[in-house]
Amino acid sequence: MSHKVQAGPARATSTWGWLLIGAALAGFGLLVGLFLGGGAYVPPEPGIPDPGAVVGWGLPVAKFAAISSATLTVGFLTSAAFLMPSAGRGLVSRAGRRDLVAAAWSAAAWAAAALTTVLFSNATVLGMPLLESLQPTVFFTYAFEIPQHEAYVFSGLLALVIAAGAVFTVRTGAAALWLGVAGIALIAPPLAAHGSALGDHSLAMTAGAIHALAAALWVGGLVAVAVHVWRPDPGSGIAVRRFSRLALACVIALFASGAANAYTRFNSPDDLLTSGYGLLVLIKVALIVSLILMARRTRQVALAEEVPTRGPLLRWLVTEVLVLAATIGVATSLTLTAYPRVETPLASSGEELLGFPFPPEPTFATVFGGWYPDVLFLLLCAAMLGLYGTGVARLLRSGVRWPWGRTAAWTAGVLSLGWTTSGGIAGYAQLSVEWHMVQHMALGMLIPILLVLGMPATLALRALRPGQGLDRSPRDWVLWGLHSPYSRFMTHPLVVLALGTFGLYGMYFTPLFGMGMASHVGHVLMAVHFLFAGFLFYWVVLGLDPGPRQVPPWARLILLLVYVSLHGLFAVAIMSQTQPLAPEWFAQVQPPWITDPVTDTIDGGGVAWAFGEIPTLIVMLAVAVQWARSDERAARRLDRQADRDDDAELRAYNDRLAHLAARSDSHE
C-alpha cells in the first residue's frame, strides 16, 4: 500500500515536469519563428497606430493555444475511437473514457483560445489597445467583418459542442462522429486565412486545410498514444501499432499539401533561403524529417515484441512529443509571417476574383486538356484508387475472384472525378452556367453511377478480415457504417430523393448558388453535395451493395421515375429563365467569349435536360432487369419448395378454399 501511495505522486511530478519541458520547447520554437520571420512585436514609429505589447505578444500566444488545444482534441478523440482497443463492440474502454474526458477539457480550452484570438486579432487590425477595441460599439462594428474572425468563432462554437458532448460519450461510433466535428472546426480558420487572397487561392486554401488536419491527426495522435504508454494502459502497444499506419498516411498528406502551399507562397525556390518565411519552412521541414526518423524507430521498437517493452518505447515517444512541441511553435509563427510571393496583377477584376487568367474560348483541347488542380479531390482520388486496389489485390492473393467490370467501373468513376474537379472543365465551370452544369451533371449523375457499380462496400466486407475478440476491426467499422441509425436515415428513399432533387431547387433558385460560386469553400461544398447526393441516390436505386434497408425493385423504379420527372422540371425551369442565374457572381467574372449571359443560362438548362436522360435510362433498364430476375428467382424458389414438399402450400391453399366453401353452404 505504501508503495502505491509513493508511486502516484512520483509519476504525477514526472508528468508535470515533461509537460513543462514540452511547453518550454514550444514557446522557444514560437519565439524563434517570430523573430526569424519578422512576426515578433516591435513598437512602431510615432504616429502609427499601435495596439501595444499586450496585443502584439498576446495574439501569437492565443493562436498557439488554439492550435495546440485543437490538436490535442483531435488526438484524444482519434485515440478513443480508433487507436485504443474497445471494451466491447461499440463501447470505449476505461482508457478510452479518459481520452474522451481529456478531449472535452482540451475542446473547452480550444473554444476559449479561439475567442481570445478573435479579441487580439481585432485589436491588431484596428491598431487599438485591447480595452479600447473591446468597447461594444467598436467590437461589434468591425470584429465580424473579417472572414477569419468568423471562422475562429465558428470553430470555437463547434469546440464547445464537442466539450459538452464528449463528456457523456461512451461509444466508439459517437467518438468518431465528434472527431468529424472537430475536423470541420479545425479546418475553418485555414480556409479563411490570408493565403486565400493569393493567386491560386483555391489551391492555397485547400492545401492549408489538408495540412492542418494531417498535422493534428499526427501530432495529437502521438501525444495520446504517448500518454497511454506513460500510464501504462492496457492495449497501449496495440495503439502504437495502429497509430504507425495512421502516421504514414498523415506524412504523405503533409508533404503533398506542404508542396502545394510552397507553390502558392513563393516566387521562386530562392525564397527558401532569402526570406524569413522560407527559413521557417526549412526549419519546419527539418523538424518533420527528424520526426519521421524517430517515428520509424518507434515503430521498430513497437513491432520488435508481441508486448513491447515500456522503457525504450516510452523514451522514443517522449522524444517525439518534445520535438513536436517545438514544431508546433514554429508552425504557429508561420501563420503570423508575411509570404515572400509578390502578386502580379491580372488583366481584369474578374480574373483577380478567380485567381487565374480567363481561359480561351472552350474547345475540346482546352476543356479536356486543361489543368486547374484541386489538392483535396486529387488526394481523395488517390486514396480511393489505392484503397480499392488494395482490396482487390488482397482478394486475389486469397484466391477469391473479383469481377474485372467492377474494378473498371470504379477506376473510370475515380478518374472522371479527378478530371471533373481538376481538369479544364473545373476552370470553365467557374465562368459559365453551361459548363458549370456539365460539371454538376458529371458529379451528380455519371460519376456516382460508376462508383456504385464498383460495389465498394461489398469489396470491403470481402477483403477485410473479421475482428478478433470484442474489439472493432476495420470490417466492423464498415458494418457499423452500413447499419447504423444514421445510415438507415440517410438511405431512406424519401431522404435520397430530397437530397437529389429538392436540393437543386433550393440551391439554384435562391442566393445560395451565387454565394457558393463566390467562395472556393462554397464551390467545394457544392461539388461534395452533388457527389454525395448522387452516390446515395444511385446506391439505393441500384441496390448492389448491402445496406440498412431492402427496397424492392418496384419501389426503386418508382423512385427513379419521380426523380426523372423532378429533374426534368428543374431543367425546364432553367431553360425558361429570362434572367441569368447568379448574376452577382457570373457578371463579375464574365469572359469575352460569353456575349449573352441569358443564353449561357438557357444552354445550362439544356445540358441538365440532355445529360440527365441517358444515365437515367440506363439505370432504369438495370432496375427493370433486376425486378424481372427477382421474380424469376422467386418463382424458381417456389418450384423447388413445391418439389420438396409435394406442393404442400398449394394443397393447403385449396383445402382452405374448400373449407370456406363448406362453411358458406352450411349457412345457406
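Mentor: pLDDT is the predictor's confidence in each residue, from 0 to 100, and a contact means heavy atoms within 4.5 Å. This is a predicted model, in which local features need pLDDT of at least 70 and side-chain atom pairs count only at pLDDT 80 or more, while totals for chains, interfaces and linings use all residues. Residues are numbered from 1 along each chain as its sequence is written, and side-chain values use heavy atoms, with hydrogens and water left out.

Trainee: How many contacts beyond four places in sequence does the model have for residues 194-199?

Mentor: Over residues 194-199 the pLDDT stays under 50. For that stretch, the number of contacts beyond four places in sequence is 18.

Trainee: In which helix is confidence highest?

Mentor: The chain averages a pLDDT of 81, and 82% of the residues score at least 70. Helices are DSSP runs (H or I, at least four residues), numbered from the N terminus. Confidence is lowest in α1 (residues 2-37), at a mean of 56, and the highest value, 95, belongs to α16 (residues 404-422).

Trainee: What is the volume of the largest cavity?

Mentor: A cavity is a set of points on a 1 Å grid, over the protein atoms alone, where a 1.4 Å probe fits but cannot get out. The structure holds one cavity of 30 Å³ or more. Its volume, the space filled by probe spheres set on the points, is about 120 Å³.

Trainee: Which element gives the largest share of the lining of the largest cavity?

Mentor: Lining residues have an atom within 4 Å of a point. Two or more residues each come from α18, α22, α24 and α25. The largest share, six residues, comes from α24.

Trainee: At which residue does α22 bend?

Mentor: Helix α22 (residues 493-508) reaches 23 Å from its first C-alpha to its last, close to the 22 Å expected at 1.5 Å a residue. Its buried residues (under 20% relative accessible area, 1.4 Å probe, protein chains only) include Gly-500 and Leu-504. The bend, the angle between axes fitted to the seven residues ending at a residue and the seven starting there, is about 35° at Phe-502.

Trainee: How many of the residues of α18 are buried?

Mentor: Helix α18 bends by about 40° at Ala-442. This helix is mostly covered, and of its 21 residues the number buried is 18.

Notes: The expected span of a helix is 1.5 Å times one less than its number of residues. Buried means under 20% relative accessible area, exposed over 50%, partly exposed in between (1.4 Å probe, protein chains only). On a 1 Å grid over the protein atoms alone, a cavity is a set of points where a 1.4 Å probe fits but cannot get out, and a pocket is an open set with protein on both sides within 12 Å along at least five of seven lines; lining residues have an atom within 4 Å of a point.
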